[in-house]
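Please open the model in your viewer and keep the selection panel at hand. The tour below goes from stop to stop, saying at each one what to select and what is to be found there.

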Amino acid sequence: MSGARAGEGASMQGKACVITGATSGIGLVAAERLAALGARLLLVARDTARGEAAFARIQARAPGAPLRLVYGDLSRLAEMNRLAGEIAALEPRIDVLINNAGAMFAERGLTADGLERTFAVNHLAYFVLTNRLKPNLVAASRARVVNTASAAHRRAADGLDFADLQSERGYHYMSVYGRSKLANILFTRELARRWAGTGVTANCLHPGFVATRFGDNNRGFFRLGLAVAKLFAITPEKGAETIVYLAASPEVAEVSGGYFAECRPTRVSRAAQDDAAARRLWEESARLAGLPA
Ligand SMILES: NC(=O)c1ccc[n+]([C@@H]2O[C@H](COP(=O)([O-])OP(=O)(O)OC[C@H]3O[C@@H](n4cnc5c(N)ncnc54)[C@H](OP(=O)(O)O)[C@@H]3O)[C@@H](O)[C@H]2O)c1
């Protein structure tokens, strides 16, 4: 992408785009941009007030854009499955699925399913939504899955610990977050491999260090430290560029299994190139989610 704004020149007219984490930060800006490019958007939110606010903001910036809103908490397996069913019924053909909702938690917590919550929201929700929506993605003539990962995957230099995917043996928020983002890249690679020939591509990205609401769910020094660091972060408008690029640009129509930053293919860590780990993660995730491996 040579200097132009991501997605510029691309038409998303009539294309069905599903985006999670569309109520804040880079997801909200990406949704606005895609709406402005003509996409038919389906926003996934978990909170009614934030969902409605995002809806109103996108409508104001892209008047007349076809928009719909669905609600679900992506930390819970039952909700991931219910949401996928609702989305599948609303959009028989999905051109772009953007898995973007994510969070970091200063302290370890479990979801209703007994899963560590970073793993559940940041990885398992991507896995379940994508797999459940496969028929709808395949039904579009050319579809794209875009997964928001992070350069923080480099913090998980030793790779995933398959004996302790739920971080029971020790919890440090940055390591756990880093592993969830490594999981995003491994999932994208394995998805690209498994779905080759279906007409669906899969790519992931690092948005940069972005001043969003990210981390604001925490308290005390953690939140304070993050607030100070965000003074040096890029804007959500800049952070959303690579999402829009991967979702809309003709340049990457045939690319699959890649990791991008600033709209360019970028090297991943050694652990993120481990195809055996990618296969194993898929199998473990399928087992946890009750999906066929
Ligand atoms: N900010 C950065 O520097 C940075 C860097 C690298 C990667 N990322 C990644 O970028 C993605 C978006 O983050 P952001 O920076 O835009 O942060 P953000 O402003 O906090 O937005 C996060 C989005 O995810 C949604 N979400 C969180 N937990 C959810 C759940 N259980 N169910 C449904 N939705 C949920 C939030 O919904 P609510 O509005 O209801 O809270 C919000 O829409 C994440 O995957 C993050 O890991 C961010």
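Begin at the ligand and select Ile 26, where a backbone N or O atom lies 3.0 Å from an oxygen atom of the ligand; a polar contact here is a pair of N or O atoms within 3.5 Å, and within protein one atom must be able to donate a hydrogen and the other to accept it, while residues adjacent in sequence count only if both atoms are side-chain atoms. Before going further, note that this is a predicted model, in which local features need pLDDT of at least 70 and side-chain atom pairs count only at pLDDT 80 or more, whereas totals for chains, interfaces and linings use all residues. Residues are numbered from 1 along each chain as its sequence is written, and side-chain values use heavy atoms, with hydrogens and water left out.

Staying with the ligand, select Gly 21, which has a polar backbone atom 3.4 Å from a ligand oxygen, and then Thr 212, where an N or O atom of the side chain is 2.7 Å from an oxygen atom of the ligand. The ligand taken alone exposes 890 Å², of which the protein buries 96%; these accessible areas come from the Shrake-Rupley method with a 1.4 Å probe, and for residues only the protein chains shown count as cover. If you widen the selection to the 30 residues around the ligand, those that come nearest are Thr 23, Ser 24, Arg 50, Tyr 177 and Thr 212, a residue being counted as near if one of its heavy atoms lies within 4 Å.

**The nonpolar cores**

Next, select Leu 74, Ile 87, Leu 124, Phe 127, Val 128 and Leu 137, the residues with the most contacts inside the largest nonpolar core, which has 54 residues. Such a core is a set of buried Ala, Val, Leu, Ile, Met, Phe, Trp, Tyr and Cys residues joined through side-chain atoms within 4.5 Å, where buried means under 20% relative accessible area, exposed over 50%, and partly exposed in between (1.4 Å probe, protein chains only). The elements that give two or more residues to this core include strand E2 (40–45), helix H3 (77–90), helix H4 (117–132) and helix H10 (275–289), and H4 gives the most, with eight residues. Helices (H or I, at least four residues) and strands (E, at least two) are DSSP runs, numbered from the N terminus. In soluble globular proteins, nonpolar side chains tend to be buried together.

Now select Leu 124 by itself: not counting residues up to four places away in sequence, Leu 124 touches Leu 77, Met 80, Leu 115, Phe 119, Ser 285 and Leu 288, contact meaning heavy atoms within 4.5 Å. Apart from this core lies another, of 36 residues, with Ala 6, Ala 240, Tyr 245 and Val 252 among them.

**Salt bridges**

How many salt bridges does a search of the whole structure find? The search finds 14, each being a side-chain nitrogen of Lys or Arg within 4 Å of a carboxyl oxygen of Asp or Glu. Select Glu 32 and Arg 61, whose side chains meet in one of them at 3.4 Å, N to O; this pair links distant parts of the chain, with Glu 32 in helix H1 (residues 25–36) and Arg 61 in helix H2 (residues 48–61), 29 residues apart. Glu 32 is buried, with a relative accessible area of 9%, whereas Arg 61 is exposed, at 52%.

Then select Arg 68 and Glu 91, where the closest N and O atoms of the salt bridge are 2.4 Å apart. Here Arg 68 sits in strand E3 (residues 67–71) and Glu 91 in the loop between H3 and strand E4 (96–99), 23 residues away in the chain. Arg 68 is partly exposed, with a relative accessible area of 29%, while Glu 91 counts as buried at 3%.

For the last stop, select Asn 203 in strand E6. Is this residue buried or exposed? Asn 203 is buried, because its relative accessible area is 3%. A polar atom of the Asn 203 side chain lies 2.8 Å from the backbone oxygen of Val 255, and the side chain also reaches the backbone nitrogen of Gly 258 at 2.8 Å. Leaving aside neighbours within four places in sequence, the residues in contact with Asn 203 include Val 145, Thr 188, Leu 246 and Phe 260.
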